[in-house]
Amino acid sequence: MQVKKMNGFINFNKPQNMTSHDAVNIVRKIFDTKKVGHCGTLDPAAVGVLPIAVGRAAKFIEYLTDCDKTYRAEILFGTATNTGDLEGKMTENMENFFMPGVEELKAAAEKFVGKTEQTPSKYSAIKINGRKAYDLARKNIDFEMPKRTVEIYRFEILSVREKIVAVEVDCSKGTYIRTLAEDFGKSFDLPATVKFLQRRRFGDFKIENSVTPEDLKIGREKFFCPVESCLNSLPEFELPEHRVKAFCNGLSTTVRQKDSGDLRIFSGGKFLGVGKIFEGELRPVKLI
């Protein structure tokens with residue numbers, strides 16, 4: 001039976017040992033469309049929120065790339081790997097060491113809050129001269145990873161159990177939790193690596209409202225998020241009804257407003273796409 005073509009986002013809950021590309025293929029088959037893309041890659045070992053755009057919604061992925069994120073992680077002290085998680089090769093292992101107390105851990109975590117520089121793992125998806133870093137690393141090709149400035153908004157210690165510290169982190173785009181875990185361990189002169197990683201929030205997409213692959217196969221339309229509801233960071237603009245056809249045909253509309261950034265354009269409650277005001281004209285940028 002032909003599946004009705006739809007346009008919107010899926011708040012996909014990616015399970016462990018599934019690549020982001022695998023997740024896209026699952027959604028592609030369920031909705032019977034090739035127009036599918038995801039926001040923010042998750043490593044196969046990581047789980048949690050992976051927003052997936054279906055149909056014409058794929059054109060609007062770029063407006064979600066700057067979203068803040070929330071992660072929950074378990075950091076294993078005393079062990080280091082070449083990838084920053086337990087999927088990699090062990091490079092250091094300390095059997096006997098003094099584990100920091102809860103208050104020491106909280107104090108150290110607080111020092112990471114704010115803007116900070118990170119040097120991501122060579123086993124990341126960052127592109128170096130057009131090639132993914134992890135591909136170069138696996139081929140033993142020598143290269144330098146560029147530093148990047150990220151921002152940590154919250155770094156909370158949830159629990160401590162033997163050598164494992166459970167944390168929750170609110171952070172800006174581009175933050176690598178594996179790197180944060182390693183740097184956190186270094187603040188105590190100890191090796192550290194990520195044992196478990198879950199993305200709990202990607203902008204307005206939250207783990208509580210996410211859908212598993214199994215649920216999606218049963219529900220489909222039930223779990224669909226309209227494009228406009230996923231772009232809440234963009235201000236709204238109400239377009240007069242008599243200018244709707246012109247806007248949808250790519251034509252500008254004269255307005256008496258100052259220049260703006262990207263706007264969600266509506267008319268009579270219907271979402272038309274994204275536009276912006278420049279030199280007294282509302283110009284279409286992307287149409288739904």
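Q: Which backbone oxygen lies 2.9 Å from a polar atom of the side chain of Thr175?
A: That would be the backbone oxygen of Ser172, sitting 2.9 Å from a polar atom of the Thr175 side chain. Keep in mind that this is a predicted model.

Q: Where is Thr175 found, then?
A: Look in the loop that runs between strand S11 (164–171) and helix H4 (177–186).

Q: And is Thr175 buried or exposed?
A: The way to read this is by relative accessible area, where buried means under 20%. Thr175 comes out at 9%, so Thr175 is buried.

Q: What does Thr175 touch, leaving out residues up to four places away in sequence?
A: Thr175 touches Gln118, Val150, Glu151 and Ile152.

Q: Moving on to H4, how many of its residues are buried?
A: Seven of the ten, which makes H4 mostly covered. The buried ones are Ile177, Arg178, Thr179, Leu180, Ala181, Phe184 and Gly185.

Q: What covers the buried residues of H4?
A: The cover includes one helix, H2 (102–110). Strands S4 (69–77), S7 (114–118), S10 (148–161), S11 and S12 (192–202) are also part of it.

Q: How many aromatic pairs does the structure hold?
A: Eleven. One of them is Phe155 with Phe184, a tilted pair at 5.0 Å centre to centre with 50° between the planes. That pair links distant parts of the chain, as Phe155 is in strand S10 and Phe184 in helix H4, 29 residues apart. Phe155 and Phe184 are both buried.

Q: Why is the pair of Phe184 and Phe188 edge-to-face?
A: You judge it by the angle between the planes, and over 60 degrees counts as edge-to-face. For Phe184 and Phe188 the planes are at 80°, with ring centres 5.9 Å apart, so the pair is edge-to-face.

Q: Which residue lies over the face of Phe202?
A: Lys69 does, at 4.7 Å from the ring centre.

Q: What is the strand order in the open sheet of five strands?
A: Reading across, you get S15-S17-S18-S19-S16, and the pairing is mixed. Strand S15 (236–238) and strand S16 (253–254) are the edge strands, each pairing on one side only.

Q: In which sense do S17 and S18 pair?
A: Antiparallel, over five bridges, with S17 covering residues 263–267 and S18 residues 270–278. Within this part of the sheet, Phe266 stands opposite Phe271 in S18.

Notes
Residues numbered from 1 in each chain as written. Predicted model: local features only at pLDDT ≥ 70, side-chain atom pairs only at ≥ 80, totals over all residues. Heavy atoms only, no water. Helix = DSSP H or I, 4+ residues; strand = E, 2+ residues; numbered from the N terminus. Buried < 20%, exposed > 50% of the residue type's maximum accessible area, 1.4 Å probe, protein only. Polar contact = N/O pair within 3.5 Å; in protein donor to acceptor, adjacent residues only side chain to side chain. Contact = heavy atoms within 4.5 Å. Phe/Tyr/Trp six-rings, centres within 6.5 Å; stacked < 30°, edge-to-face > 60°. Lys NZ or Arg CZ within 6 Å of the ring centre and 35° of its normal. Pairing = 2+ DSSP bridges.
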